[in-house]
Amino acid sequence: MTKPDEAALEAWIEQCIAHLRDTEGFDVHRSHKEEFLLLYGVAARVMRYSDSYLRLVRDGFVGEAVVLARAALEHAVTLQWVFIVNGGIKRFQVDLGHEYIKHYDNLAQWLDNNELAEAVTAIDAPPEGKRLPPFMDMLRDLDDGKYLETSYHILSQHVHVTPAAVASFLEAGAEELHIKYEQEYSYQYQATYVVAVSCMLARWVVAKLTNDPQLLELLDKASDDLILPMTLIDNVDTKKRREGLADNL
């Protein structure tokens with residue numbers, strides 16, 4: 001099967017961004033209302049990171065754009081895990097409760113604000129139960145073949161202090177090495193493909209939450225045309241899957 005060209009992937013990413021950006025409201029069944037409010041923001045972040053990725057790429061900052069590709073992938077995988085794994089929604093709620101308190105506690109210290117620190121102590125305790133597992137555990141639960149894990153590690157070369165921070169800014173001269181400020185990134189296509197996958201994974205969750213058969217049909221066609229996984233549910237053991245999600249993928 002012929003892989004899609006980069007222009008087709010970028011057009012797909014733009015379509016996904018426009019869907020969430022331009023839709024004034026979603027028709028959500030009452031039974032999914034709480035879930036939608038809980039998960040929409042994660043999907044929207046995937047799209048905004050993807051939007052920013054395209055803008056940086058087109059302005060010549062490809063190496064810096066891959067940082068956003070990694071962020072989009074992390075959010076999309078987390079979104080899929082929370083939505084398709086049995087008990088994922090509850091664990092996400094518990095995790096958010098803990099992170100909410102931790103964030104404002106850190107903010108109080110950062111601002112050296114005693115009033116905020118006192119307010120943090122009055123916040124209700126988080127719900128009881130298990131929190132989300134570490135991200136790499138979630139990724140491995142969903143990543144048959146380790147393509148996404150490998151992608152995540154490669155993209156991470158531009159997030160952390162790694163050999164890429166040295167090698168990317170040196171070039172060989174006739175007799176010695178030269179430093180340079182501008183850099184080239186050799187794997188732009190692969191990074192763009194990861195962003196396209198992230199958009200697909202996030203948009204599928206939105207389609208399921210809104211029970212939108214037309215959107216699911218569109219995603220199915222795009223999945224075939226662009227060779228993008230529509231969801232990672234097939235990689236989850238059936239006993240660990242949330243019931244009912246595999247119907248009419």
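Read from the N terminus, the elements of the protein chain follow the order α-α-α-α-α-α-α-α-β-β-α-α. In total there are 10 helices and two strands; helices (H or I, at least four residues) and strands (E, at least two) are DSSP runs, numbered from the N terminus. The model is predicted, so local features need pLDDT of at least 70 and side-chain atom pairs count only at pLDDT 80 or more, while totals for chains, interfaces and linings use all residues. Residues are numbered from 1 along each chain as its sequence is written, and side-chain values use heavy atoms, with hydrogens and water left out.

The C-alpha trace of the protein chain spans about 65 × 55 × 35 Å along its principal axes. Of its 249 residues, 43% count as buried; buried means under 20% relative accessible area, exposed over 50%, and partly exposed in between, with a 1.4 Å probe and protein chains only. Contact means heavy atoms within 4.5 Å. Among contacts between residues at least 6 apart in sequence, 73% join residues at least 24 apart.

Two packed helices are described by the angle between their axes and the distance between the axes. Here axes are lines fitted to C-alpha atoms, for helices over the stretch in contact, and angles run from 0 to 180 degrees between N-to-C directions. The axes of helix H1 (residues 6-22) and helix H2 (residues 33-58) come within 9 Å and cross at roughly 135 degrees. H1 is therefore oblique to H2, given that angles under 35 degrees count as roughly parallel, over 145 as roughly antiparallel, 65 to 115 as roughly perpendicular and the rest as oblique. The crossing of H1 and H2 is left-handed, a label used if the near helix is turned anticlockwise from the far one by less than a right angle, with right-handed used if clockwise. On the H1 side, the residues that meet H2 include Glu-10, Ile-13 and Cys-16, and their partners in H2 include Tyr-40, Met-47 and Arg-58. The residues of this contact divide into nine nonpolar, one polar and four charged. In this grouping Ala, Val, Leu, Ile, Met, Phe, Trp, Tyr, Cys and Pro count as nonpolar, Asp, Glu, Lys and Arg as charged, and the others, Gly among them, as polar.

A second pair to look at is helix H7 (residues 147-155) with helix H9 (residues 188-209), which pack at an angle of about 125 degrees with their axes 11 Å apart. That angle makes H7 oblique to H9, and H7 passes H9 in a left-handed crossing. Tyr-147, Leu-148, Ser-151 and Leu-155 of H7 meet Ala-191, Tyr-193, Val-194 and Val-197 of H9. This contact comprises seven nonpolar residues, one polar and no charged.

The structure holds zero disulfides, a disulfide being a pair of cysteine sulfur atoms within 2.5 Å. For Cys-16, the closest cysteine sulfur is that of Cys-199, and at 4.8 Å it is too far for a bond. Cys-16 is buried, with a relative accessible area of 0%, and Cys-199 is also buried, at 0%.

Finally, the backbone deserves a look. Most residues other than glycine have a negative phi. Asp-112, however, is not a glycine and has a positive phi of about 55 degrees. This residue is found in the loop between helix H4 (88-111) and helix H5 (114-121), and Asp-112 is exposed, with a relative accessible area of 64%. Asn-211, another residue other than glycine, has a positive phi near 50 degrees. Asn-211 lies in the loop between H9 and helix H10 (213-226) and counts as exposed at 62% relative accessibility.
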